[in-house]
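Visitor: I am new to this structure and would like to learn how to read it, one feature at a time. Could you show me the model and then begin with a single residue?

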Amino acid sequence: MSEDASGLIVHPDGCPRCWWPGLDPFYVAYHDTEWGVPEYDSRALYEKLILDGFQAGLSWITILRRREGFRRAFEGFEPERVARFTEADVERLMGDTGIIRNRAKIRGAINGARAWLAIEEAGPGFSPFLWDFCDGRPIQTKAASRAEIATETDVSRRMGKALKAKGFTFCGPTIVHAFMQAVGMVNDHLTGCHRHAACAALGKSLGKSLGENLGEGRHP
């Protein structure tokens, strides 16, 4: 594996990619098919936010390799179901070796599901609530090297603060920025990565209609 000064790695298939998945086929597939792709589904956004919370203090690949275990344990991350979890479910999950067994994070997922429901019921919904911070369109960064990629931004700080006010936990600005990168709210693929232009094109095409139809009012 040869990484240049910018952080790009040219893979055996000839494609230059961001440094962080290395050459792990599982991680590379995630980089190529999911990371940075704009996600507008409210349920999927809840799932990713919760998983990023579980990542706190760990590597993302640790969570990614357990994602199916998390999905099974949290009933497909259907917020309506997770919101009904009781202390008995917390104890059940604390004994589940397929997930990260952290009591505070498990309870955070349950409280987050309840917060998700409240946002959905109040309107316009969880997805517009989050995407409103970006005016409905992915933020296109132009980082040529890994040193230029931020770990938090003013937008992630404001989003994290708003999520906390709604009842979410494990939503500090660094976690939220990682979440925004993963769900395509920020296109942080290096400019030399073969996925940067592809994600930019997706953001332009998918973000237009949502950006034009967000509910009235902006977050402070």
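Guide: Let us begin with S145, which, once its neighbours within four places in sequence are left aside, is in contact with S6 and L190, where contact means heavy atoms within 4.5 Å. This is a predicted model, in which local features need pLDDT of at least 70 and side-chain atom pairs count only at pLDDT 80 or more, while totals for chains, interfaces and linings use all residues. Residues are numbered from 1 along each chain as its sequence is written, and side-chain values use heavy atoms, with hydrogens and water left out.

Visitor: Where is S145 found, and is S145 buried or exposed?

Guide: Elements are read from DSSP runs, numbered from the N terminus, with helices (H or I) of at least four residues and strands (E) of at least two. S145 belongs to the loop between strand 3 and helix 9 (154-166). Burial is judged by relative accessible area, with buried under 20%, exposed over 50% and partly exposed in between, using a 1.4 Å probe and protein chains only. S145 is buried because its relative accessible area is 16%.

Visitor: What does S6 touch, apart from residues up to four places away in sequence?

Guide: On that count, S6 touches A144, S145, R146 and L190. S6 sits in the segment before strand 1 (9-10), and its relative accessible area is 15%, so S6 is buried. The side chain of S6 also reaches the backbone nitrogen of L8 at 3.3 Å; a polar contact is a pair of N or O atoms within 3.5 Å, where, within protein, one must be able to donate a hydrogen and the other to accept it, and residues adjacent in sequence count only if both atoms are side-chain atoms.

Visitor: Which atoms come together at the start of helix 1?

Guide: There, a side-chain oxygen of D24 reaches to within 2.9 Å of the backbone nitrogen of F26. Helix 1 covers residues 25-33, and its buried residues include Y27, V28, Y30, H31 and D32.

Visitor: Where is R101 found?

Guide: R101 is in the loop between helix 6 (87-94) and helix 7 (103-122), and it counts as partly exposed because its relative accessibility is 45%. A104 is found in helix 7, and A104 and T153, 49 residues apart in sequence, are 26 Å apart in space, C-alpha to C-alpha.

Visitor: What is there to notice about backbone angles?

Guide: Most residues other than glycine have a negative phi, and most peptide bonds are trans. In this model, F77 has a positive phi of about 55 degrees although it is not a glycine; F77 lies in the loop between helix 4 (67-73) and helix 5 (79-82), and it is buried because its relative accessible area is 0%. D135, also not a glycine, has a positive phi of about 60 degrees and is in the loop between helix 8 and strand 3 (139-140), where D135 counts as partly exposed because its relative accessibility is 42%.

Visitor: Which residues does a cis peptide bond join?

Guide: A cis peptide bond, with omega about 0 degrees, joins G123 and P124, and P124 is in the loop between helix 7 and helix 8 (126-131).

Visitor: How many helices and strands does the protein have, and why is it called as compact as a globular protein of that length?

Guide: The secondary structure comes to eleven helices and four strands. The radius of gyration is 18 Å, close to the 17 Å that the globule rule gives for 220 residues, so the protein is as compact as a globular protein of that length; the radius is taken over C-alpha atoms, and the rule is 2.2 Å times the number of residues to the power 0.38. Along its principal axes, the C-alpha trace spans about 50 × 45 × 25 Å. Buried residues make up 50% of the 220 residues, and among contacts with a separation of 6 or more, 66% are between residues 24 or more positions apart.
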